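Take a look at the model below. The questions that follow go through its helices, rings and sheets.

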Amino acid sequence: MRNKFYWLLATIMVCGAIITGLTSCSDNDDNNSDNQKKVAVLLPDNARIARWGIDKANLEQAMAAYGFNATFYVAPETPEGADQQVEQLRTAIKDGVKYIVVTSIDYKKINESGLLEQNPDVKLVCHDRFIQDNPRIAYLSAADTKEVGRIQAQFLLSHFHASGKTSMTLEILEGPDTDVNAKNYYEGAMELLKKYIDSKQLIVKSGKTAYNDVKGDSWNVEDAKKAMKDRLASYGEGECPDMVLAAADNVSQGAIAALEEAGITEMPVITGQDNSAKSQDYIKNGKQTMTIDKNLKDMAYNTAMIVNSLISKSPVHTSQNISDVPAIFSKLTVMTKDSY
C-alpha cells in the first residue's frame, strides 16, 4: 500500500511539472519572447530628403530604448524604390515579423500589393506618412498635416495683412500624390487661402490653384525647381510672386534655385517644413522665410511607444483619428530667422 502511495505521488508531481512547464512556455511565447520583440522599420533613404536620415537615427534610438529587435530597411524615393519597399514589406512578413513601421514611398503600391489584407495578424504603424484607404493600418504617428498647411497659410496671410497692400501675388508648390500628406497640406492651406484667392486679394498669376495643377512630380529639389520655373513664366523678366506657398523645405530649396537662376536677388516670402539644415542656413541668410519643426525625436518615440503598446496589448491613448485610424501627433513649431 505504501509503495502504491509513493508511486501515485510521484506520478502527480511529474505530471504537474510537465503541465507547469507547458504553461510557462505558452506564457513566454505570448508575451515577451525574442520573437515578440521583432520589429521591422521601412523608410525612404536620405538621398533626396535629408530628414529621413534623422528619422532613422531617432527611430533606432527609440526602438533600442524599448528593447526591440528592430530591423531597418531603406529604399530610394523613386518609382523603383517604391517597388523595392513593397518587397521589403513582403520580406519582413515572410520572416515572421508581426509589428511593422512604415514611412511609405508610394502608399498606393503598398495597398495594391494586398500584403496587409493577406496577413491580418500583422500590425502596421504609419510613421509620418499615412497609408490611406487601407483598413489594416493600426496607428499613425505623425504631425497633423492639415495643421501644417494651415500654419503655412496663416504665416502668409499675416505677412499680407501687415503689408497694408490691397493685393499680393502668390504661387503654390506642393508635393506628389504618392504621399497623402501632400494633399493634406494643400487642403489645410486652402481652408484659409481660398477666399483671398477668390476675391483677388491674393493673385495667382499662373492660374494654378487646384491640387492637380500644383502637385509635384516628387519631393525632389530638381522637380520643385522645374515647377517654380513653370510659375515664373507668368511673370515679366526680373519679376516674381510676392509669396510662395512651398509645402516642404525641399520644395522651397527648389523654388529658391529657380528664382536665383532667374536673377531674382530679393526673395519672396517662402514657407517650408522639416527644419532641415540647408533651410536653416537659407532662413538665416534671408532666402527662405520660415519652416516648421515637427519635433522628429518625439515623433520617433511616439512610434516606438505605439509598437510597445501593441506588443504588450496595452491601450494607446490618442485624441485624434485620421480616417478612423487612431493617431498621435508631434508638436509643431514655427521657425524664422529669430529662432536661430
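Q: At what angle do helix 10 and helix 11 pack?
A: Helices here are DSSP runs of H or I with at least four residues, strands are runs of E with at least two, and both are numbered from the N terminus. Axes are lines fitted to C-alpha atoms, for helices over the stretch in contact, and angles run from 0 to 180 degrees between N-to-C directions. The axes of helix 10 (residues 249-261) and helix 11 (residues 277-284) lie 9 Å apart. Their packing angle is about 50°.

Q: Where does this model come from, and how are residues numbered?
A: It is a predicted model: local features need pLDDT of at least 70, side-chain atom pairs count only at pLDDT 80 or more, and totals for chains, interfaces and linings use all residues. Side-chain values use heavy atoms, without hydrogens and water, and residues are numbered along each chain as its sequence is written, from 1.

Q: Which word describes how helix 10 and helix 11 lie to each other?
A: Angles under 35 degrees count as roughly parallel, over 145 as roughly antiparallel, 65 to 115 as roughly perpendicular and the rest as oblique. The angle here is about 50°. Helix 10 and helix 11 are therefore oblique.

Q: Is the crossing of helix 10 and helix 11 left-handed or right-handed?
A: Look at how the near helix is turned from the far one: anticlockwise by less than a right angle is left-handed, clockwise is right-handed. For helix 10 and helix 11 the crossing is left-handed.

Q: Which residues of helix 11 make the contact with helix 10?
A: Contact means heavy atoms within 4.5 Å. Helix 10 brings Asp-249, Ser-252, Gln-253 and Ile-256. Helix 11 brings Lys-278, Ser-279 and Tyr-282.

Q: How close do the axes of helix 6 and helix 7 come?
A: The two axes cross at roughly 35°. The crossing of helix 6 and helix 7 is right-handed. Their axes come within 7 Å.

Q: What kind of aromatic pair do Tyr-185 and Trp-219 form?
A: Rings of Phe, Tyr and Trp (its six-membered ring) pair if their centres lie within 6.5 Å; planes under 30 degrees apart count as stacked, over 60 as edge-to-face and the rest as tilted. By this rule there are four aromatic pairs. Tyr-185 and Trp-219 are 6.3 Å apart centre to centre, with 65° between the planes. The pair is edge-to-face.

Q: How many residues apart in sequence are the parts that this pair ties together?
A: Tyr-185 lies in helix 7 (residues 180-198). Trp-219 lies in the loop between helix 8 (211-214) and helix 9, so the parts tied together are apart in sequence by 34 residues.

Q: Which strands stand at the edges of the open sheet of seven strands?
A: The order is 2-1-3-4-5-12-11, with mixed pairing. Each edge strand has a single partner, so one side is left without a neighbour in the sheet. The edges are strand 2 (69-75) and strand 11 (320-322).

Definitions and conventions: Pairing = 2+ DSSP bridges.
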